[in-house]
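Please open the model in a viewer and keep the sequence panel in view.

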Amino acid sequence: MNVVKIFYLYYYSGFKISQMADELDISESNVKNLLYRTIKDIKQNVKIGGDVGV
């Protein structure tokens, strides 16, 4: 469940990439990939703005 932890640590706890890598014992590159992939997925799956599509 690293994706959820990374998202939480970055957006809610204000951790830096290097801090998350140390905390989760994974590479900074892996942290970046998981974080940016998650952001991309959210943007693709969530409509932003007033168009709800009802």
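How many helices and how many strands are there in the protein chain? The protein chain has three helices and zero strands, where helices (H or I, at least four residues) and strands (E, at least two) are DSSP runs, numbered from the N terminus. In sequence order the pattern reads α-α-α.

This is a predicted model, in which local features need pLDDT of at least 70 and side-chain atom pairs count only at pLDDT 80 or more, while totals for chains, interfaces and linings use all residues. Residues are numbered from 1 along each chain as its sequence is written, and side-chain values use heavy atoms, with hydrogens and water left out.

**The whole chain**

Display the surface. The accessible surface of the protein chain is about 4400 Å², and 51% of it belongs to carbon and sulfur atoms; accessible areas come from the Shrake-Rupley method with a 1.4 Å probe, and for residues, only the protein chains shown count as cover. Of the 54 residues in the protein chain, 20% are buried. Buried means under 20% relative accessible area, exposed over 50%, and partly exposed in between (1.4 Å probe, protein chains only).

Select Phe7, Tyr10 and Tyr11, which ring pairs link into a cluster. Rings of Phe, Tyr and Trp (its six-membered ring) pair if their centres lie within 6.5 Å; planes under 30 degrees apart count as stacked, over 60 as edge-to-face and the rest as tilted. By this rule there are three aromatic pairs. The ring centres of Phe7 and Tyr11 lie 4.9 Å apart with the planes at 45°, so this pair is tilted. Phe7 and Tyr11 are about one helical turn apart, because four residues separate them in helix α1 (residues 2–11). Tyr10 and Tyr11 form an edge-to-face pair, 4.9 Å centre to centre, with 85° between the planes.

Now colour these residues by accessibility. Phe7 is partly exposed at 25% relative accessible area, Tyr10 is partly exposed at 32%, and Tyr11 is partly exposed at 43%.

**Helices α2 and α3: the crossing**

Two packed helices are described by the angle between their axes and the distance between the axes. Select helix α2 (residues 17–24) and helix α3 (residues 28–45), whose axes come within 8 Å and cross at roughly 110°. Axes are lines fitted to C-alpha atoms, for helices over the stretch in contact, and angles run from 0 to 180 degrees between N-to-C directions. α2 and α3 are therefore roughly perpendicular to each other (65 to 115 degrees).

Next show the side chains in contact (heavy atoms within 4.5 Å). Ile17, Ser18, Met20 and Ala21 of α2 meet Glu28, Val31, Lys32 and Leu35 of α3.

**Two buried residues**

Centre the view on Ile17, which lies in helix α2. Is Ile17 buried or exposed? Ile17 is buried, with a relative accessible area of 14%. Leaving out residues up to four places away in sequence, Ile17 touches Tyr10, Glu28, Val31, Lys32 and Leu35. For a distance check, pick Ile17 and Ile6: they are 11 residues apart in sequence and 8.8 Å apart in space, C-alpha to C-alpha.

Finally, select Thr38 in helix α3. Thr38 is buried, with a relative accessible area of 16%. Which residues are in contact with Thr38, leaving aside its neighbours within four places in sequence? Thr38 is in contact with Val3 and Phe7.

Conventions: Angles under 35 degrees count as roughly parallel, over 145 as roughly antiparallel, 65 to 115 as roughly perpendicular and the rest as oblique.
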